Amino acid sequence: MAVAKWNGVILAESDAVKEVEGNLYFPPDSVQREYLRESETRSTCPWKGLGYYYDIVVGDEVNKDAAWYYPEPKPAAKEITGYVAFWKGVEVTP
């Protein structure tokens with residue numbers, strides 16, 4: 001079971017994660033959405049497409065743009081549509 005944790009809170013856990021470029025992407029229904037806040041940040045990957053970001057909010061602490069996902073990825077990355085990955089200090093254990 002893969003787990004994503006930050007500030008003592010489990011953000012996501014699943015045994016159905018997908019690994020892409022060394023990052024674990026969690027299925028949309030495995031993510032605790034109450035800790036995520038939409039960010040205005042976007043990035044573009046040549047083969048995955050347009051990435052959208054979330055800030056992680058736990059109590060009064062905010063980890064800006066610490067999670068991302070691809071709502072409409074390019075065909076080569078369609079398997080991670082809506083899946084969420086984490087970074088910026090989020091502890092992700094496979």
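This is a predicted model: local features need pLDDT of at least 70, side-chain atom pairs count only at pLDDT 80 or more; totals for chains, interfaces and linings use all residues.
User: What share of the 94 residues counts as buried?

Analyst: The share is 45%.

User: Which elements make up the chain?

Analyst: Strands. There are nine of them and zero helices. From the N terminus on, the order is β-β-β-β-β-β-β-β-β. The radius of gyration is 12 Å, close to the 12 Å from the globule rule for 94 residues, so the chain is as compact as a globular protein of that length. Along the principal axes, the C-alpha atoms fill a box of roughly 35 × 30 × 20 Å.

User: What part of the contacts joins residues 24 or more positions apart?

Analyst: Take the contacts with a separation of 6 or more. Residues 24 or more positions apart account for 43% of them.

User: How do I read an aromatic pair?

Analyst: A pair of aromatic rings is described by the distance of the centres and the angle of the planes. Here, a search of the whole structure finds five aromatic pairs. In one of them, Tyr25 and Trp68, the ring centres are 5.9 Å apart and the planes stand at 85 degrees, so the pair is edge-to-face.

User: Which parts of the chain does the pair of Tyr25 and Trp68 tie together?

Analyst: Tyr25 lies in strand β4 (residues 23-25) and Trp68 in strand β7 (residues 61-69), so the pair links parts 43 residues apart in sequence. Tyr25 and Trp68 are both buried. With Trp87, Tyr25 and Trp68 form one aromatic cluster.

User: What is the geometry of the pair formed by Phe26 and Phe86?

Analyst: Edge-to-face, with 5.7 Å from centre to centre and 70 degrees between the planes. Phe26 sits in the loop between β4 and β5 (36-45), and Phe86 in strand β8 (residues 84-86), so this pair ties together parts 60 residues apart in sequence. Phe26 is buried, and so is Phe86.

User: How should I read the nonpolar core?

Analyst: In soluble globular proteins, nonpolar side chains tend to be buried together. In this chain, the largest nonpolar core has 19 residues. Leu11, Phe26, Ile56, Phe86 and Val90 have the most contacts inside it. The elements giving two or more residues to this core are β1 (2-6), β2 (9-14), β6 (49-58), β7 and β8. Another core, of 10 residues, lies apart from it and includes Val20, Trp68, Tyr83 and Ala85.

User: Which residues does Phe26 touch, beyond those up to four places away in sequence?

Analyst: Among them are Ala2, Val3, Ala4, Val17, Val31, Tyr83 and Phe86.

User: Where is Val90, and is it buried or exposed?

Analyst: Val90 is in the loop between β8 and β9 (91-93). Val90 has a relative accessible area of 11%, so it is buried. Beyond four places in sequence, its contacts include Leu11, Ile56, Asn63 and Ala66. The C-alpha atoms of Val90 and Val9 are separated by 10.0 Å, and the two residues are 81 apart along the chain.

User: What lies 2.7 Å from a polar atom of the Asn63 side chain?

Analyst: The backbone oxygen of Lys88.

Conventions. Residues are numbered from 1 along each chain as its sequence is written. Side-chain values use heavy atoms; hydrogens and water are left out. Rings of Phe, Tyr and Trp (its six-membered ring) pair if their centres lie within 6.5 Å; planes under 30 degrees apart count as stacked, over 60 as edge-to-face and the rest as tilted. Helices (H or I, at least four residues) and strands (E, at least two) are DSSP runs, numbered from the N terminus. Buried means under 20% relative accessible area, exposed over 50%, partly exposed in between (1.4 Å probe, protein chains only). A nonpolar core is a set of buried Ala, Val, Leu, Ile, Met, Phe, Trp, Tyr and Cys residues joined through side-chain atoms within 4.5 Å. Contact means heavy atoms within 4.5 Å. The radius of gyration is taken over C-alpha atoms; the globule rule is 2.2 Å times the number of residues to the power 0.38. A polar contact is a pair of N or O atoms within 3.5 Å; within protein, one must be able to donate a hydrogen and the other to accept it, and residues adjacent in sequence count only if both atoms are side-chain atoms.
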